Structures are given as structure tokens and as C-alpha cells.
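Please consult the sequence and the model as you read.

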Amino acid sequence: MKLESYLGMPISDTSGNVIGHLCVFDTKPILQQEYAQAILKIFAARATAELQRQRMEFALRQSERKFRELASKESLLNCLASQIRASLDINTILETVVTEIRNLLLVDLCVFTWYRSEAQPPHWETVQEARNPAVPSLLGLRSNTEEIGPIAHKIFYKEIIRLDDVQNTPDPKSQQVFLSLGLTAILVLPIHTQSGEIGALSCNHFSGSRHWMDSEVELLLAVADQVAIAIDQAELYKQSNIAAQTAQEKAQQLEETLSELQATQTQLIQTEKMSSLGQLVAGIAHEINNPVNFIHGNINHASEYTQDLLHLVELYQQRYPNPAAEIQEEIEAIDLEFLSQDLPKILTSMKIGTDRIRQIVLSLRNFSRLDEADMKEVDIHEGINNTLLLLQNRLKARPEHPEIQVIKEYGNLPPVECYVGQLNQVFMNLLANAIDALEEGLETRDWGLGRTFPDTQSPVPNPQSPPPQIRIRTELQGNLVLINIADNGPGMKEEVRQKLFDPFFTTKPVGKGTGMGLSISYKIIVEKHQGQLRCISAPGKGAEFAITIPQRQPQS
């Protein structure tokens, strides 16, 4: 084909750069110049517009991609910030970080490693990971600084390790470490906290190379900053918790120390009180014992002398049945016959009284036991009986209530190794409290007294109401001695029973109780005798105190 005419025109972009030419060929004679140029201008303008449109679409797609990357970065950072606000636990934060980074960058393995500077020897330890199930786990991997060489030094100096292909690693030692783990591409960012801790966040591939883009590195740098802040906050929270716990423990120790001081002070006061009381009782018993023994010893002689004199008078009456008028008047005045019968009875009553006084004195001396402060084997029943003898006046019948019955169910107990005086003190506290409870029950129960007639004020028995009772039961179970003291009084509520052995706790009115009797009794049984003291009670069911002590104390 023979071309008769040709006309060309360059096509430029918006910057004036020539990007192509538009050509017109024709087999006919040359076209008119003006017409050809007009045609070329139209086509050139259309081509330039199309090219600009395509470039704008490409720029838009690039901008959209960068926006998505920025949105992903902001999403990850917001997620991490939310986790920091939601949890101040370091392990939770690190677990979230490695999981989110792996999901975003689509790496085979993302791990976090701590430098344990306080360990001996210091080492690096992988504490968190998120991985593809097909790749091996590095969790718990430990390496010392000498083993990983330049890698550790770069992390110490806050240098980023960025390797698209491990095969191209310039340092042979580092390359050997990476290859031994099966890594083909790696990106490591050091993390230094304000508290001085050092860690590393690492993204890894196990097959093929990976081109780490600048945007990915920038993202991880922002994440590393967030992680460092989160770790510092978690550490501050941990330290504050430790400080609060330490303060709480110290406060508790001070409270326990104060409680021990109060208990010790109370024990000292009670010990001094019991010691003074024991000395007073022993002194009184001694002072009473001497004149009583004198009286008791002379009553027998007085009885013999009286019998002799009465016998002599009887002989005079037999020999001189008709005495003088003056003697007869005196016989009638003194009622000699009644005197002869009653005087021996008086002397017998006096002897019984002195026997009773001697028994009480002996009980006082046995109860105080000032000369028996050490542990020794004793008869438990004797201590209980001596205590009951001292409380006999409170057990007797009174106008306002009948006699308190004491039912003894003693088992066959061998001698028990104990602190006699202290154990007697426990018996006194428990029995006295039982009597108090029974007397308190008079306000709500008539204990068989029934109603009272206005004319005589005499109580009428009510057979439907049980009489007040204290039941004492003892038995031996193996090496354990069981002593139960129960009453059928009004009982107590559960909240009262739970506080019963607390120091200074009392349900009695002010001035009638110190709240220390049961607390001291508890210490005597539990601490001094390695036993147990329990209370079983319910409203309307009475109260029972169960003492359990070893028959022989364990050798320390």
C-alpha cells in the first residue's frame, strides 16, 4: 500500500511529559493542514483524559490500600489499648499482642521473649506465642546471651533485626541460630520498659522469604511502644498490689499482736488475780483450820467430860432422891432432864459442824493448789467434787427457785496428767456459768415452782416443768478424757455461741461479767493441755460444754 500522506502529533501528560504520539496515515493526497491538526487534537485530548483517569484510579486504589493498612494498624492499637484497660495482667497483655500481630501480618509464628537478668545464669525465655499449628512451638525455649551472640547485643542496644531471607544474614553465628530453629525470615523488635526490663517481639516464617515492608515495621514499632507502656502499667499495678498486701499483712500482724498483748495482759491479770485469791484462800483456810482443829479435837474430850458429869448427877439423884428445896428449885429452873438429853446432841452437832468446816477448808486448799503449779497426775473427779462443794450454797433451794440437781455420771477414769489448779479453774467457770444460766431461766420458766398464792407467797410445784439440772459426765476413750457439763437452761443463739470464747464477750449485765472466764478456760484447755473445748447449744435446748484432754500429755 502506497501512503500518500502522513501527519503525527505528540501526546503529553499533565506535567508536560511526552508519553506517546498520535499518527494519521492516508493513501490519498495530503490532507489539508488545518483539518488534519483538528482531528489529531481531538484524539490526543481523548487519549490524555483516558490515561489520567486510569492513573487516578490507580492512585485511588493505592490510597485505599494505605487507608486499609492504617485502619488495621489503628484497629490493632485500639485493641491493645482496650486490653490494657481491661486487664493489667502482663501475661494476658502479651498473649493478646502475639495473637493480634499474627492474625494481622499472617506470619507463621509470633513470640514474645523476656530477658531474665535476675536468674542464675541470666537467659532469654520465650513466654508467649501464637503460631500456625503446622510449625514447631518455641514456647518455654531458653537461651543464654553467649548462645545467641549478636542478636542479644542488638536487642540490648534497641536495634531492629530485619531479615527478609535468613540465608542472606551477614553474621554467621546469628544465621546458625536462626537456621537451627528452622526460621527462614524474621523481624525482631526490642522492648525496653521504664522499670528496666528487656524483651523482644518477634515475627517469624518457616518457609520461603518474606519482604518486611516499612509499613509493617512502623506498625510493630507502634505496637512495641504500646506493649512497653502496658508492661509498665501492669508492673505499677503489681507493685501497688504488693504494697497494699504488705500493708494489710502488717495491719493484720499489728492487730494480732495487739490481740495477743490484750490476751497476755488479761491472762497476767487473771493469773495474778487467781494467785492472790489462792494465797488469800490458802491463808484463810490455814487460819480457820487451826482453831477448827482445836475445837474439833476438844469436842471429843468435852463429850466424855459431859457424859461423866451427867452420870455423876444421875448417881446423886439415885442416892439422894429427895434433895434440898433449893437444889430442887434449881433442877426445875434449868430443866435438868431436857439438858441431860440435849447436851450430848449439841456436842454431836458441833462435831458434825467442825467436820463440815474441815471438809470445806480441805476443799479450799485442794482447789487453790498453790503448791501444785506443775503438771502431775490427779483424780479429776476430786477436782469436780471440790468445786461443787464450794458452789453448794448456790445449788441449794431458795425461796425463788428450787434446788439445782447435780447428776453425776462418772466413768472409770485413771489418774489424769494436768495442771490441777488451772483445770479446777475451768470447772469453776463452767459450773458457775451453768448456775447463772439456770437462774436466768427463772425469768422465762417456772422450773416446777408453779404459781404463788398471795397469802403465803409459797411456791406451788408444777409437775409439768422439769427441775433445773446440771449433768456431769466423764469417760475415757483411748488416751482421751471426756468431761461433759450440761444444763437444761434456756440455751443460746448461734451468733452468741460462735463468740462465746472471744475475750471480753459476755451476755451478762454490766458489773456481773468480764467476758474472760470462758476465754481463759479455752486457753487452759487448748493451749495448756493440748485439748479441745466445744459448746453445743440452741435456744430452749440448754447448753453443753465438752472438754477433751489427753490422759497423758504428749512429750515435747
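On a 1 Å grid over the protein atoms alone, a pocket is an open set of points where a 1.4 Å probe fits, with protein on both sides within 12 Å along at least five of seven lines, and its lining residues have an atom within 4 Å of a point. Grid points are joined across faces, edges and corners, and a volume is the space filled by probe spheres set on the points. The model is predicted: local features need pLDDT of at least 70, side-chain atom pairs count only at pLDDT 80 or more, and totals for chains, interfaces and linings use all residues. Residues are numbered from 1 along each chain as its sequence is written, and side-chain values use heavy atoms, with hydrogens and water left out.

Q: How much space lies in the second largest pocket?
A: Among the elements that each supply at least two residues of the lining of this pocket are β3 (109-116), β4 (123-131), α5, β7 and β8; helices (H or I, at least four residues) and strands (E, at least two) are DSSP runs, numbered from the N terminus. The lining has 22 residues, and T113, L141, I148, V177 and L181 lie nearest the centre. The space in the second largest pocket is about 410 Å³.

Q: Is F178 buried or exposed?
A: F178 lies in helix α5 (residues 172-180). Leaving aside residues up to four places away in sequence, F178 touches I151, L163, V166, T169, L183 and I186, where contact means heavy atoms within 4.5 Å. Buried means under 20% relative accessible area, exposed over 50% and partly exposed in between (1.4 Å probe, protein chains only). The relative accessibility of F178 is 5%, so F178 counts as buried.

Q: Which residue in the turn of the hairpin formed by β7 and β8 has a positive phi?
A: Strand β7 (residues 185-192) and strand β8 (residues 198-205) pair in the antiparallel sense over eight bridges; two strands pair if DSSP finds at least two bridges between them. A185 has H205 as its bridge partner in β8. Five residues lie between the two strands, and the one in the turn with a positive phi, about 95°, is G196.

Q: Which residue in β7 is the bridge partner of R162?
A: β7 is mostly covered, with seven of its eight residues buried. Strand β6 (residues 161-163) also pairs with β7 in the antiparallel sense, over three bridges. The partner of R162 in β7 is L187.

Q: Why is helix α9 described as largely enclosed by the rest of the structure?
A: Among the buried residues of α9 are I380, H381, G383 and I384. At the start of the helix, a side-chain oxygen of D379 reaches to within 3.1 Å of the backbone nitrogen of H381. Helix α9 (residues 380-390) is largely enclosed because the number of buried residues among its eleven is eight.

Methods. A polar contact is a pair of N or O atoms within 3.5 Å; within protein, one must be able to donate a hydrogen and the other to accept it, and residues adjacent in sequence count only if both atoms are side-chain atoms.
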